[in-house]
Amino acid sequence: MKESHIQKAILDYLKLKGILCFKHRNVGIYKKDTGKYIPLAYGEKGIADILGCTPDGRFIACEVKVPGKKPSPDQVVFLDKVKKQGGIAILAYSLDDVMKVIS
């Protein structure tokens, strides 16, 4: 399964739960002629793929990976910062990982 399919399933689930959420574009702009990405000039390193806010005001950060892939050190640091600030930080390899935290 592609990471984008997992992300869509998670976004659909969060929206059904009444959570305001969106996919954060964090890979830059792809240039077909060079086959490379132009990095975004803003944003925090390691920012999660999906960001949101629960109806009671808690911040959500969800880093999505396909099984077998690990988050980068910057992604781990970002999720740790979210936890320390009282937010909900999820490393998700599937929709089930999100459903365990957000029921």
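Trainee: In which sense do β1 and strand β4 pair, and over how many bridges?

Mentor: Please keep in mind that this is a predicted model. In it, β1 pairs with β4, residues 50-53, in the antiparallel sense, and the pairing runs over 4 bridges.

Trainee: Which residue of β4 does K23 stand opposite?

Mentor: K23 stands opposite I50. Another pair is L20, whose bridge partner in β4 is C53.

Trainee: What holds paired strands together in general?

Mentor: Strands of a sheet pair through backbone hydrogen bonds, and the pairing may be parallel or antiparallel.

Trainee: What is the strand order of the open sheet?

Mentor: The order is β1-β4-β5-β6, which makes an open sheet of 4 strands with mixed pairing. At the edges are β1, residues 20-23, and β6, residues 88-92, each of which pairs on one side only. On average, neighbouring strands of this sheet are turned by 15° against each other, direction ignored.

Trainee: Which helix packs on this sheet, and which strands does it touch?

Mentor: That is helix α1, residues 3-16, which touches β1, β4, β5 and β6. The direction of α1 makes about 165° with that of β1.

Trainee: Where is G18, then?

Mentor: G18 lies in the loop between α1 and β1. Its relative accessibility is 47%, so G18 counts as partly exposed.

Trainee: How far apart are the C-alpha atoms of G18 and G87?

Mentor: They are separated by 17 Å, while along the chain G18 and G87 are 69 residues apart.

Trainee: Back to β4. How does it pair with β5?

Mentor: The pairing of β4 with β5 is antiparallel, over 4 bridges. As one example, G52 has I60 in β5 as its bridge partner. The two strands form a hairpin with 5 residues between them. In the turn, G57 has a positive phi of about 95°.

Trainee: A change of topic. How many disulfides are found in the whole structure?

Mentor: The search finds 0 disulfides. C53 is in none, and the nearest cysteine sulfur, that of C21, is 11 Å away. For C62, which is also in no disulfide, the nearest cysteine sulfur is that of C21 at 9.7 Å.

Trainee: Is C62 buried or exposed?

Mentor: C62 counts as buried, because its relative accessibility is 1% and the limit for that class is under 20%. C53, in turn, is partly exposed, with a relative accessible area of 31%.

Trainee: How many helices and strands does the chain have?

Mentor: The chain has 3 helices and 6 strands. From the N terminus on, they follow the pattern α-β-β-β-β-β-α-β-α. The radius of gyration is 14 Å, close to the 13 Å that the globule rule gives for 103 residues, so the chain is as compact as a globular protein of that length.

Trainee: What share of the residues counts as buried?

Mentor: Of the 103 residues, 37% count as buried. The accessible surface of the chain comes to about 6,800 Å², and 58% of this area belongs to carbon and sulfur atoms.

Terms used
Residues are numbered from 1 along each chain as its sequence is written. This is a predicted model: local features need pLDDT of at least 70, side-chain atom pairs count only at pLDDT 80 or more; totals for chains, interfaces and linings use all residues. Side-chain values use heavy atoms; hydrogens and water are left out. A disulfide is a pair of cysteine sulfur atoms within 2.5 Å. Buried means under 20% relative accessible area, exposed over 50%, partly exposed in between (1.4 Å probe, protein chains only). Two strands pair if DSSP finds at least two bridges between them. Axes are lines fitted to C-alpha atoms, for helices over the stretch in contact, and angles run from 0 to 180 degrees between N-to-C directions. Contact means heavy atoms within 4.5 Å. The radius of gyration is taken over C-alpha atoms; the globule rule is 2.2 Å times the number of residues to the power 0.38. Accessible areas come from the Shrake-Rupley method with a 1.4 Å probe; for residues, only the protein chains shown count as cover.
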